[in-house]
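Good morning, colleagues. Please look at the structure as I show it.

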Amino acid sequence: MNILFRKIRKKPISFLLGQTSMILGILSCLIIFSFISFHQSFDSFYPQVNNIYRVNRMSTESDIRALTEGTLKGSIQANFDATKVTHFMKTPVDLTFNFGDKQITEPNGLMVDQDFFSIFNGQLLYGNMAGALDHPNSVVLTESAAEKLFKNVDSALNKIVTIKFGPKDIALTV
């Protein structure tokens, strides 16, 4: 202890710099560890998380989109032997749904193909997840969107809603 106090008295600035450097090093390691842990925890609730990869399209330096076009889907399956399932996904967009006289806009809607639920699983309140997107022009709504469009969520299954997609309206089956 005496040696420590003697060093502090003789070179206080050197001691403070050493202690500050050590504290900053430990804090830096903790921040990096927290950052890595946070990013590794994404999608960890999917059983096949170690086998799920995302391919983004970059059209300009600042325009990165979560988009797997149909042609890319086929190319990935043809050229990578380990690929079991791929799916098409369009960048999240705001979708405006119409049912009768009701209209709602849901932010961050995804346009996906029939293989989406074979990769990303979950639970549906109504219907069968395995066949939910098998038919063209089918849609899966969140519970909150179904509550806004229909008075009773129970009655939403097999109803026809429309979305505005460019200049035309597209009819979708819930």
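Does E106 count as buried or exposed, and why? E106 counts as buried, because its relative accessibility is 13%; buried means under 20% relative accessible area, exposed over 50%, and partly exposed in between, with a 1.4 Å probe and protein chains only.

Some conventions come next. This is a predicted model, in which local features need pLDDT of at least 70 and side-chain atom pairs count only at pLDDT 80 or more, while totals for chains, interfaces and linings use all residues. Residues are numbered from 1 along each chain as its sequence is written, and side-chain values use heavy atoms, leaving out hydrogens and water.

A search of the whole structure finds two salt bridges, a salt bridge being a side-chain nitrogen of Lys or Arg within 4 Å of a carboxyl oxygen of Asp or Glu. In one of them, E106 pairs with K148, and the closest N and O atoms are 3.2 Å apart. This pair links distant parts of the chain, 42 residues apart: E106 belongs to strand 4 (residues 102-112) and K148 to helix 5 (residues 143-149). Helices (H or I, at least four residues) and strands (E, at least two) are DSSP runs, numbered from the N terminus. K148 is partly exposed, because its relative accessibility is 44%.

D169 and K164 also form a salt bridge, at 3.8 Å from N to O. K164 counts as partly exposed because its relative accessible area is 47%.

Thank you for your attention.
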